[in-house]
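Please read the following briefing alongside the sequence and the model, which are shown directly below.

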Amino acid sequence: MDSHPLKLMAFSHICSANRITGAEKFLLFLLKELRKVYACTLVVPSAGVLADFAAESGIKVEILPIPLLWSLYKPESNVKEDISLFKHLYDIAPLIDLMHLCEPDFVITNTCINLAPALAAKEMHIPVGWIVNEVIPLTPYGYAAAEEIAQHADLLIGCSRTTLLPFKGIHIPKHVLYPSFYKEDVIPSRWNIERSTGRSILGITDDEHVNIGIIATDLVTQKGVQDFTEMALLLCPVNPNVHFSFIGNPFEQDDVFHRMVARIQQHGYSSQFHHFPFTKHIGSVYPALDIVVVPSLVPEGFGLIALEGMLFEKPVLCYRSGGLLEQVTPTNNLEWSVEPGDVAGLARIAQKLIDDKPKRIARGVLNRKLAMKSFGIEAFRTRLIPIMNAIRQSYQTSANRARSSLYRFPNGILIKGARSHKVFLLENGTKRPIQNLEAFSLYRYNFHDVIPVLDYELRQYPTGKSIGASVDLDSSPKQFLAKGSGYTIYWIKDMIRYPFASEAVFHRLRFNMANVLELPDSLIESLPIGYALNDDCLLNHGLLPYKYYRNSRSEVYYMDEVKLRRITHYAEVAFFGHSDEDFIDLQGGEFKILKSHLK
């Protein structure tokens, strides 16, 4: 076991300001469990509810906008062209930069449309776990989308068996992890107060009125808003004591909710219908309801609303759509479900519960009991164990591969990934990010000196402290050149200044005036002063780091921190942007210094 926990970075596809979806809830719940073992970071495209909840739970949050590839959710004949175009047009450099800085050992991408994080992680040889929350159509185009997802993942996590069906036959580890809940998030002792408050807002003053509700983050067609309305209109003529509640936000691109409001008004039943915007504290909504209806017209990945309704001891009526069937079966709710589109059947089973209050209450109590057994935290943690084992195995395989490739880049060079933008200075075996352009300019760096390498090679170097636009022990490079208002130039190493005794020594040691910082005298004078760099400095104090040395036999060496690297091919010198004009020719007794470093 490593002394430090593995670093896990998870990417959410969305993060809205006033709502949270089931997929977001699932990811948040998973991270709350994983953070007990791993150091977890959540990356969201914007600030919002999910980010707030994650931060409150002690999970580190990063914000980075990321495009989504919707073709992977509803693939059509051009899905392969869409994938190719996405890869061509989208610059994954910001994602790779973030991964270089945060150094994740494992990446999780959430929902099938969130391809970009997987592309970036694979570029860096970081293993990927892909959470599939949606049901990709079982068509040739759907299988093409599934193959693309599997190609960029090391393991798949489906929120139901239904979500993993398109991947049948694809050789990749697959795990079903049903969503779950914490008992402390569903507190029965508060239900009476929340029920009274919620129902009083509706004008329902007693328990003889039945409140039937549909809940969705967005009230859109596929969530069955029209079917819920048609069911309600079938029930209204014989049930004046029944109320119907829409809980969610109308969606601008889908006017089904407004059309249903108009239809209700035409039938003269407006007083029995109510609408409440979606609330992130959704637990305060369920107690005011007597029956929850989940009439999804498309296969649900899981359908978290149904599980939440059961936990609040509500009867749940639903269509047998996708993962919903995987809930109604273990909770003995098949008789309270019908086939998608069967509005009359939905009204029929609703009427049974309207007419029989004891059965309604008993069904709710049984729902909570069976839901806790099948989907409670103990069941979740049991299903999570093989996933955590797979994460560990994927990390170990990746780490072994990285260790087998020795570091081949010398300290003291500027370096960047071929697919990323961030520039680093290699020092003491770590890559120190240059914080910004101001810092880059301050230390007189030149973009012509930046060496591009493969990002997975760069990833092998631990990330050190960033180099900022200030001169101090934490923000500065280990060494640089500087001068004040006078003529003396200093080689500054570890914030100690070493004055050059002459211009001749400066040039002999292959320093360049273009790299000299001009600093306030007060800052220069605040630094401790070291030995003078004179004609005998190499003889008396040893070789300077980050320099090429040539001996009398024309052998070339590079002083890398405190260790010499033998340069066997001149092409290596040229690769790092140097030439023989950068070689310091050793003289007389200096050759002995070189040999002492070789021991």
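Is R566 buried, exposed or partly exposed, judged by its relative accessible area? R566 is partly exposed, with a relative accessible area of 45%, where buried means under 20%, exposed means over 50% and partly exposed covers the range in between (1.4 Å probe, protein chains only).

The model is predicted, so that local features need a pLDDT of at least 70 and side-chain atom pairs count only at pLDDT 80 or more, while totals for chains, interfaces and linings use all residues. Residues are numbered from 1 along each chain as its sequence is written, and side-chain values use heavy atoms, with hydrogens and water left out.

**Pockets**

- The largest pocket has a volume of about 1200 Å³; a pocket here is an open set of points on a 1 Å grid over the protein atoms alone, with protein on both sides within 12 Å along at least five of seven lines, and lining residues have an atom within 4 Å of a point.
- Volumes are the space filled by probe spheres set on the points, which are joined across faces, edges and corners.
- The lining of the largest pocket comprises 43 residues, and those nearest its centre are T21, G22, Y73, K223 and E300.
- Two or more lining residues of the largest pocket come from each of helix 1 (22–34), strand 8 (210–219), strand 11 (291–294) and helix 11 (304–311), with helices (H or I, at least four residues) and strands (E, at least two) taken as DSSP runs numbered from the N terminus.
- Strand 8 makes the greatest contribution to the lining of the largest pocket, with five residues.
- By class, the lining of the largest pocket holds 25 nonpolar, ten polar and eight charged residues, where Ala, Val, Leu, Ile, Met, Phe, Trp, Tyr, Cys and Pro count as nonpolar, Asp, Glu, Lys and Arg as charged, and the others, Gly among them, as polar.
- The second largest pocket contains about 1000 Å³ of space, and of its 33 lining residues G412, D449, N515, K547 and H578 lie nearest its centre.
- Strand 15 (423–427) and strand 18 (479–483) each supply at least two residues of the lining of the second largest pocket, and strand 18 gives the most, with three residues.
- The lining of the second largest pocket divides into 17 nonpolar, nine polar and seven charged residues.

**Cavities**

- There are two cavities of 30 Å³ or more in the structure, a cavity being a set of grid points where a 1.4 Å probe fits but cannot get out.
- The second largest cavity holds about 30 Å³ of space and is lined by V505, R508, L509, N534, D535 and C537, which by class are three nonpolar, one polar and two charged residues.

**Salt bridges**

- The count of salt bridges comes to 28, each being a side-chain nitrogen of Lys or Arg within 4 Å of a carboxyl oxygen of Asp or Glu.
- R161 and E326 meet in a salt bridge with an N to O distance of 3.9 Å, and this pair links distant parts of the chain, R161 lying in helix 7 (residues 161–164) and E326 in helix 12 (residues 325–328), 165 residues apart.
- Within that pair, R161 is exposed at a relative accessible area of 51%, whereas E326 is buried at 9%.
- E208 and K357 form a salt bridge whose closest N and O atoms are 3.8 Å apart; E208 lies in the loop between helix 8 (191–202) and strand 8, and K357 in helix 14 (residues 357–375), 149 residues away.
- E208 is exposed, with a relative accessible area of 54%, while K357, at 32%, counts as partly exposed.
- E555 pairs with R566 in a salt bridge, the closest N and O atoms being 3.8 Å apart; E555 is in the loop between strand 22 (548–550) and strand 23 (556–560), and R566 in strand 24 (residues 563–567), eleven residues apart.
- E555 counts as buried at 17% relative accessibility.
- A network of salt bridges links E33, K36 and R381.
- E33 is found in helix 1 and counts as buried at 6% relative accessibility.
- The C-alpha atoms of E33 and F380 are 9.7 Å apart in space, although the two residues are 347 apart in sequence.

**Surface patch**

- L138, Y143 and L165 form a nonpolar patch on the surface, with about 280 Å² of accessible area together.
- Patches are made of residues with over 30% relative accessible area and no salt bridge, nonpolar side chains (Val, Leu, Ile, Met, Phe, Trp, Tyr) being joined within 5 Å and like charges within 9 Å; accessible areas come from the Shrake-Rupley method with a 1.4 Å probe, and for residues only the protein chains shown count as cover.
- L138 lies in the loop between strand 5 (128–132) and helix 6 (140–151), and at 49% relative accessibility L138 counts as partly exposed.
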